[in-house]
Amino acid sequence: MNENTEQTAIESTDQQFDQGAVLTTRILGVGCPRCHVELRIGEVAGCEFAGCPQCRGMLFQQDAFGMLINHLRATTTMPPQVPTPIDLDELMVRSTCPACVLPLETHAYGGPGNSVIDTCIRCGLVWFDEGELDNLVRAPGKR
Ligand SMILES: [Zn+2]
Ligand SMILES: [Zn+2]
């Protein structure tokens, strides 16, 4: 019954992901869209994601993410922070979807916060670079 214990162990690491997310040692089998290191399964507020141990980017299922962001915004203890303007250079960065290897669509997030996010509509995946999830959670507005 314990065969997965080792695989799902939380890594003791000083790496900090946004919103206290943690990575496990389980490898997802796809590479980071930014730095091509293998993504690993992680968990934040009960929601699974795939994280990059190197750049600390986070990959979410779009469906799960909608609920997660509402939950995080409702429960965060971080003070609201006026978002910085969108970095237009970021919109020029092109990456490919780790699952289907087609280009990710780079755009500004449609909700509060000026994060530039990358989505694959085909796979229903959304990628956040480090700090972008925090931005969304801390953006002022209805929680
Ligand atoms: Zn990476
Ligand atoms: Zn895809």
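Two strands count as paired if DSSP finds at least two bridges between them, and helices (H or I, at least four residues) and strands (E, at least two) are DSSP runs numbered from the N terminus. With that in hand, isoleucine 41 has alanine 50 in E3 as its bridge partner. The model is predicted, so local features need pLDDT of at least 70 and side-chain atom pairs count only at pLDDT 80 or more, while totals for chains, interfaces and linings use all residues. Residues are numbered from 1 along each chain as its sequence is written, and chains are lettered from A and ligands numbered from 1 in the order in which they are written.

**The sheet as a whole**

- Seven strands make an open sheet in the order E1-E2-E3-E4-E7-E6-E5, and the pairing is antiparallel.
- At the edges sit strand E1 (22-31) and strand E5 (105-108), each of which pairs on one side only.
- From one strand to the next, the twist averages 35 degrees; axes here are lines fitted to C-alpha atoms, for helices over the stretch in contact, and angles run from 0 to 180 degrees between N-to-C directions.
- As a reminder, strands of a sheet pair through backbone hydrogen bonds, either parallel or antiparallel.

**Strand by strand**

- E1 and E2 are antiparallel and share four bridges, with glycine 42 in E2 as the bridge partner of leucine 23.
- Six residues separate E1 and E2 in their hairpin, where histidine 36 in the turn has a positive phi of about 65 degrees.
- Strand E2 (residues 38-44) is joined to strand E3 (residues 47-51) by five bridges, again antiparallel.
- The hairpin of E2 and E3 has two residues between the strands, and alanine 45 in its turn shows a positive phi of about 50 degrees.
- E3 and E4 pair over two antiparallel bridges; glycine 51 has methionine 58 in E4 as its bridge partner.
- Arginine 56, in the hairpin of E3 and E4 with its six residues between the strands, takes a positive phi near 65 degrees.
- Four bridges link E4 and E7 in the antiparallel sense, and phenylalanine 60 has valine 126 in E7 as its bridge partner.

**Helix packing and the core**

- Helix H2 (residues 62-75) packs on the sheet, where it touches E3, strand E4 (58-61), strand E6 (116-120) and strand E7 (125-128), and its direction makes about 100 degrees with that of E4.
- A nonpolar core is a set of buried Ala, Val, Leu, Ile, Met, Phe, Trp, Tyr and Cys residues joined through C-beta atoms within 7 Å; buried means 20 or more other C-beta atoms within 10 Å of a residue's own, exposed 12 or fewer, and partly exposed in between, with C-beta atoms placed from the backbone.
- The largest such core has 27 residues, and those with the most contacts inside it are Met58, Leu59, Phe60, Val126 and Trp127.
- Elements giving two or more residues to this core are E2, E3, E4, H2, E6, E7 and helix H3 (132-138).
- Residues are in contact if their C-beta atoms, placed from the backbone, lie within 7 Å; beyond its neighbours within four places in sequence, methionine 58 contacts Phe17, Asp18, Ala21, Phe49, Gly51, Phe128 and Leu133.

**Serine 95**

- Serine 95 lies in the loop between H2 and E5 and is partly exposed because 17 other C-beta atoms lie within 10 Å.
- Not counting residues up to four places away in sequence, serine 95 touches Pro33, Arg34, Leu104 and Asp118.

Methods. Two residues are in contact if their C-beta atoms, placed from the backbone, lie within 7 Å.
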